[in-house]
Amino acid sequence: MQAANVDMIDESEVLTPADETHHIWKWGFTTPFVNGARNLGEALRRIEEGAAMIRTKGEPGTGNVAEAVIHIKNVNSELRRIKSIYEAGDDQDLISVARELKVSYSIVGEAASLGRLPVVNFAAGGISTPADAAYLMTLGCDGIFVGSGIFKSEDAKERAQAIVLATTFWEDPDKVKEAQKMIDERQSMLGLDTKNLELRMQERGSTA
Amino acid sequence: MTGLNIGILAVQGDVAENVMATKMSLEELGIDGIVNEVKTPEQIADLDGLIIPGGESTVIGTLSLVNGSLKKIKEKIANGMPVFGICAGLILLSKKAKDRVVGEMDQPLLDFLDVKIERNAFGRQRDSFESEISMEKIGIPKFHGVFIRAPSIMEAGKDVEILSKFNEKTIAVKQGNIIGTSFHPELTADISLHKYFVNLIRKKN
């Protein structure tokens with residue numbers, strides 16, 4: 001893909017992995033990578049492999065945003081925890097966290113001192129309406145990835161514009177309402193039950 | 001005089017890094033002021049100076065247009081407010097832009113800097129690079145330039161001062177209280193260009 005001159009690569013769990021035990025060692029490429037994560041450990045492991053951006057995994061293709069919400073809340077609450085350990089100056093506890101998350105002490109220290117991921121963090125997986133996007137922005141995401149939520153809808157153009165507006169002006173409830181009115185709610189994906197799917201994409205590569 | 005009110009246009013792009021570099025500049029220069037992310041016409045109305053950060057110029061332009069921010073920025077610049085456009089910000093300040101790959105662009109522009117811009121002048125994402133550059137004319141002989149899918153200035157009118165070139169391409173310009181750079185000064189530890197801009201705002205106020 002780098003040879004094909006693409007601008008960014010998503011090491012996506014939606015594709016069947018060729019290597020089930022390792023992710024790509026991304027430092028070997030100049031094209032930036034984005035990776036999915038369900039929790040802080042996954043996010044920091046991907047960053048240590050060279051990911052330039054992180055996104056929640058969510059549960060793609062379902063139109064159900066609940067999994068993405070769980071993932072961003074996981075990351076946020078773990079970040080709050082390590083930040084408080086950092087502020088207390090308890091290095092020994094930070095080392096325990098690094099061991100628990102299977103990452104280096106230095107990357108845990110960096111995230112703990114910043115109180116956030118050291119790269120941009122997007123919400124992804126199941127987003128299909130402007131309201132979904134605005135809600136995820138309120139949880140502290142830096143931006144939104146939408147795939148099938150737009151591309152598989154019947155009103156793709158209006159929906160794409162509406163989701164962009166809601167993401168940009170998420171702090172303004174009137175603007176989010178206007179954006180929500182731009183789409184036809186009957187065209188939105190129904191929101192599949194993510195607990196009883198035959199294949200949960202988010203579980204792919206999560207232990208590596 | 002009360003403190004300076006400096007805004008970083010926060011629609012999309014490299015916002016946090018510019019907030020940080022500008023705050024550090026105020027502190028080092030010992031100038032009283034505040035630095036805020038701005039997104040609405042109301043917030044922009046109160047500014048003494050504005051940085052339009054790097055990002056994607058069509059995105060920043062289109063989204064600033066829909067909520068009336070672009071109009072307010074135009075009004076402020078016309079009244080002499082100093083403005084610093086970085087990469088996408090430089091494109092937005094210009095009168096005319098074309099893309100190296102796509103060709104002539106139909107995108108909202110602020111139409112102040114009398115220059116013609118070539119977007120993606122150095123190539124695509126993976127052609128991004130860093131290099132030492134110089135801006136002697138404004139007292140910055142050495143600077144580390146970070147170029148990310150950077151634009152260049154193809155043509156400049158007579159009122160436009162060329163501040164720097166790299167490989168024959170113009171990469172930094174000044175026209176009155178407007179500065180534009182192809183590269184990203186907020187991504188280096190060197191805040192001399194942000195300090196220069198803060199001083200420009202102070203002189204105006």
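Trainee: Let's start with a loop: between which two strands of chain B is Asp111(B) placed?
Mentor: Keep in mind that this is a predicted model. Asp111(B) sits in a loop of chain B, and the elements around that loop are strand 6 (103-104) and strand 7 (113-119).

Trainee: What is phi of Asp111(B) near?
Mentor: Asp111(B) is a residue other than glycine, yet its phi is positive. The value is near 70°.

Trainee: Is Asp111(B) buried, partly exposed or exposed?
Mentor: Count the C-beta neighbours inside 10 Å: Asp111(B) has 13. A residue needs 20 or more to be buried and 12 or fewer to be exposed. Because 13 falls in between, Asp111(B) counts as partly exposed.

Trainee: On to helix 4 of chain B: how are its buried residues arranged around the axis?
Mentor: In this helix, residues 69-78, the buried ones are Ser69(B), Leu70(B), Ile73(B), Lys76(B) and Ile77(B). Around the axis they cover an arc of only 125°, so they are on the same side of helix 4 of chain B.

Trainee: Which elements do those buried residues pack against?
Mentor: They pack against parts of chain B, both helices and strands. The helices are helix 2 (41-45) and helix 3 (57-66), and the strands are strand 3 (49-52) and strand 4 (83-86).

Trainee: Which residue just after helix 4 of chain B takes a positive phi?
Mentor: Look just past the end of the helix for a phi of about 95°. That residue is Gly80(B).

Trainee: Over in chain A, which element gives the most to the side of domain 1 that touches domain 2?
Mentor: Chain A is divided into domain 1 (32-58 + 66-122) and domain 2 (127-189). Nine residues of domain 1 are in contact with nine of domain 2. Helix 2 (66-87) and strand 4 (120-123) of chain A each give two or more residues to the domain 1 side. The element that gives the most, with five residues, is helix 2 of chain A.

Trainee: How many residues on that side of domain 1 of chain A are nonpolar?
Mentor: Two are polar and two are charged. The nonpolar ones number five.

How values were computed:
Residues are numbered from 1 along each chain as its sequence is written. Chains are lettered from A and ligands numbered from 1 in the order in which they are written. This is a predicted model: local features need pLDDT of at least 70, side-chain atom pairs count only at pLDDT 80 or more; totals for chains, interfaces and linings use all residues. Helices (H or I, at least four residues) and strands (E, at least two) are DSSP runs, numbered from the N terminus. The arc is that of the directions from the helix axis to the C-beta atoms. Two residues are in contact if their C-beta atoms, placed from the backbone, lie within 7 Å. Domain bounds come from an automatic or database domain assignment. Ala, Val, Leu, Ile, Met, Phe, Trp, Tyr, Cys and Pro count as nonpolar, Asp, Glu, Lys and Arg as charged, and the others, Gly among them, as polar.
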